[in-house]
Amino acid sequence: MRIKSAVRLVGVDDSIAEVVPLLLKRWQGLVFDDDGVVLVDGRRREGLALVAGEHAKAGARYEVVTAGERPGHHVAEVVADSPTEVRVRVEQAGDVPIDTTVAKRGSKIAAAFDGTLDGLGGAVRGTVGLDLDELHQDSPQLVGSIGHDRVVGDVKAWVRPGWTVEVEADLRGKGLLRPVIAPVLWLRGKRALTKVLEKRSAEIRALAERLGSPLDPALVADKLADDFLADVVPYKLRT
């Protein structure tokens with residue numbers, strides 16, 4: 001069943017697309033020693049550690065331990081690194097591994113996942129692609145899909161002039177229970193989509209009020225990088 005929703009992102013203009021390559025540069029510029037990542041003030045965050053290879057190069061492996069709103073223990077590996085893109089695989093026990101490819105020249109991100117998820121019977125697989133290089137076109141700037149033994153779905157999003165984001169999702173049940181699942185999926189999907197869009201819109205509006213409007217991509221990249229590092233635990237427990 002098809003679900004549609006839209007939201008206007010206040011304080012955003014087309015320059016926000018520059019955040020993607022700026023974040024990649026922030027990551028490449030991190031410094032590591034034996035005790036973890038070294039912050040600009042000289043302090044360490046042991047929760048982000050380079051455990052193998054050379055930072056930001058193919059074969060580099062990281063251990064990431066976070067607290068705060070998104071606690072977790074992840075292992076990340078730079079699977080490939082070329083002049084045009086970098087590919088990273090992130091894994092966490094009980095979660096689906098995610099392979100992410102980020103373009104080095106431009107604002108394109110692609111991700112794919114395929115595996116089993118704790119609490120959800122059966123395999124789950126999907127893809128998502130974000131392309132902010134061509135805004136305000138007929139083709140969507142975000143395309144995603146998800147598949148499971150009981151549910152399949154697709155999502156598309158367009159950035160319209162004035163940064164109104166239109167989202168269209170199509171969720172479908174599978175098997176004998178499809179007629180029963182369909183209305184439940186539509187109702188829950190509609191509520192979830194509206195909630196996500198409203199929450200992100202409010203966050204961006206608050207950020208614009210704090211950093212100025214329209215948002216400066218460099219300041220946004222710094223804010224996102226700082227927020228991530230703030231969630232990394234300063235010390236790891238040793239046994």
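A residue is called buried when its relative accessible area is under 20%, exposed when it is over 50%, and partly exposed in between, using a 1.4 Å probe and counting protein chains only. The model described here is predicted, and local features need pLDDT of at least 70, side-chain atom pairs count only at pLDDT 80 or more, while totals for chains, interfaces and linings use all residues. Residues are numbered from 1 along each chain as its sequence is written, and side-chain values use heavy atoms, with hydrogens and water left out.

The overall picture comes first. The chain contains three helices and 14 strands; helices (H or I, at least four residues) and strands (E, at least two) are DSSP runs, numbered from the N terminus. Of the 239 residues in the chain, 34% are buried. The chain exposes about 14100 Å², and carbon and sulfur atoms supply 57% of this area; accessible areas come from the Shrake-Rupley method with a 1.4 Å probe, and for residues only the protein chains shown count as cover. A contact means heavy atoms within 4.5 Å. Among contacts between residues at least 6 apart in sequence, 39% join residues at least 24 apart.

Residue V7 makes a friendly example of how sequence and space can be read together. V7 lies in strand β1 (residues 2-8). With a relative accessible area of 15%, V7 is buried. Leaving aside neighbours within four places in sequence, V7 is in contact with W163, T164, V165, L197 and S201. V7 and T194 are 187 residues apart in sequence, and their C-alpha atoms are 8.8 Å apart in space.

Strand pairing can be followed in β12 and β13. Two strands pair if DSSP finds at least two bridges between them. Strand β12 (residues 142-148) and strand β13 (residues 151-160) run antiparallel and are joined by six bridges. Within this pair, S145 stands opposite D154 in β13. A hairpin of two residues leads from β12 to β13.

Charged side chains come next. Side chains of opposite charge can pair when their charged atoms come close. A salt bridge is a side-chain nitrogen of Lys or Arg within 4 Å of a carboxyl oxygen of Asp or Glu. A search of the whole structure finds 11 salt bridges. In one of them, R44 pairs with D33, and the closest N and O atoms are 2.5 Å apart. This pair links distant parts of the chain, with R44 in strand β4 (residues 44-45) and D33 in strand β2 (residues 31-33), 11 residues apart. R44 is partly exposed at a relative accessible area of 37%, and D33 is also partly exposed, at 25%.

Another salt bridge brings together the side chains of D81 and K104, at 2.6 Å from N to O. Here too, distant parts of the chain are linked: D81 is in strand β7 (residues 72-81), and K104 is in the loop between β9 (98-103) and β10 (108-117), 23 residues apart. D81 has a relative accessible area of 28% and is partly exposed; K104, at 25%, is partly exposed as well.

A further salt bridge joins E91 and R89, whose closest N and O atoms are 3.7 Å apart. Salt bridges that share partners bring R89, E91 and D99 into one network.
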